[in-house]
Amino acid sequence: MNKQELVIERFRESVTNPTSFIQRVADVLEISYDAAYRRIQGKAKLTIDEAMLLAKEGQFSLDNILVEDLKLSALGEATTHVNSVKSMEFYLAETVKNLSQLGKNGVRFEYSAKDIPVYHHFDNSELSRFKIYVWLQLMDPSFSDTRYENFHLTLELKAYMKEVDELISRFEVCEIWNDTTVSSSLRQIDYFLSAGLLPLEDARVLCQDIKKLVQQKQKDLQTDRYDIHYHELLIMTNNSIAYKHGQPVAGFVTMTMLGYIKFTASNMLGRIQGYFKHQLKQSTSLSNASTKERARFFNKIEQKINALEKSLERYEVLDF
């Protein structure tokens with residue numbers, strides 16, 4: 001195939017109703033039906049602007065078509081660098097956009113969870129507020145002296161977090177966890193408590209919120225829309241891949257603590273897909289595991305939370 005044929009073919013893959021493909025091309029390029037037909041047949045040349053319009057509408061990258069060596073180059077779309085509340089809002093708005101582009105139906109979302117997946121924190125719990133607080137503490141230089149009780153989520157943050165939560169709920173989700181997936185959140189509670197920035201009572205509430213989150217995930221395993229794969233030896237990163245009707249359509253590769261790069265080029269999707277296939281092959285599906293195996297996995301997590309709760313007793317102030 002020449003480059004024009006590849007552009008047309010990639011756009012064809014993005015069209016859900018192939019019987020209207022010519023009209024779809026005509027609508028996107030704002031040309032006549034006959035002009036669209038001539039471009040599809042190769043009798044008329046696509047301009048670079050037209051190719052970009054098709055790539056934008058079809059949510060694919062031109063890099064795997066225009067770059068000679070597919071193994072060496074790939075173009076991706078990076079999220080905003082988070083270093084303030086406002087940039088956090090921009091980051092969440094971009095995430096809403098990226099998830100919305102996947103559509104509602106036939107989407108499978110796989111996530112390699114070094115930490116509890118960020119979208120599990122986007123509800124109305126105290127834990128959601130705390131995680132935003134932690135991320136800003138780590139990325140916003142002007143935020144370091146802010147006490148937790150003085151921090152409140154903006155209305156914009158709450159709105160975007162709710163949208164992300166609603167979008168994820170539409171997908172079939174498969175996450176890969178290990179024994180340490182909840183550990184970073186527990187360490188963060190202990191750290192900010194010992195630093196005097198987190199009140200003891202809030203620390204207790206956060207431990208309970210993590211328990212509730214894990215219990216909810218355990219219940220979700222009873223549905224056909226959610227699964228956790230577990231392997232205690234896997235060293236993971238917070239990467240993810242999305243499939244549409246069985247075909248990989250977007251990969252999200254961690255760049256910074258929250259930031260990621262979105263890839264849609266087939267060469268990069270192939271690599272990310274291979275990475276996830278290998279991890280899933282090496283892990284155990286808790287949905288299909290025995291009751292004993294599931295109980296052992298969740299008991300380990302609960303023991304970690306209980307250990308932190310027990311350690312909170314050392315912060316008690318005795319009033320004589």
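Select N238 to begin. In this predicted model, N238 is buried, because its relative accessible area is 19% and the cut-off for buried is under 20%. N238 sits in the loop between β4 (226-230) and β5 (240-244).

Next, show what surrounds N238. Apart from neighbours within four places in sequence, N238 is in contact with Y111, S112, A113, K114, D115 and T254. Pick K114 from that list and look at its backbone nitrogen, which the side chain of N238 reaches at 2.9 Å. Then select W135. The C-alpha atoms of N238 and W135 are separated by 15 Å, and the two residues are 103 apart along the chain.

Not counting residues up to four places away in sequence, M88 touches V82, I132, W135, L136, L157 and L258. M88 also belongs to the largest nonpolar core, which has 66 residues. Which residues touch the most other members of this core? They are M88, F109, F130 and I132. Now colour helix α7 (residues 126-139): this helix gives the core its largest share, 8 residues. Another core lies apart from this one and has 18 residues, including F11, V15, I22 and L46.

Move on to two helices, α2 (residues 21-29) and α3 (residues 33-41). Their axes come within 8 Å and cross at roughly 105°.

E30 is exposed, because its relative accessible area is 73% and the cut-off for exposed is over 50%. Look at the backbone here too: phi of E30 is near 55°, a positive value in a residue other than glycine. Most residues other than glycine have a negative phi.

For the last stop, go to H245, in the loop between β5 and β6 (247-254). Is H245 buried or exposed? H245 counts as exposed, because its relative accessibility is 57%. H245 is not a glycine, but its phi is positive, about 50°.

Notes:
Residues numbered from 1 in each chain as written. Predicted model: local features only at pLDDT ≥ 70, side-chain atom pairs only at ≥ 80, totals over all residues. Heavy atoms only, no water. Helix = DSSP H or I, 4+ residues; strand = E, 2+ residues; numbered from the N terminus. Buried < 20%, exposed > 50% of the residue type's maximum accessible area, 1.4 Å probe, protein only. Contact = heavy atoms within 4.5 Å. Polar contact = N/O pair within 3.5 Å; in protein donor to acceptor, adjacent residues only side chain to side chain. Axes fitted to C-alpha atoms, helices over the stretch in contact; angles between N-to-C directions. Core = buried A, V, L, I, M, F, W, Y, C linked by side-chain atoms within 4.5 Å.
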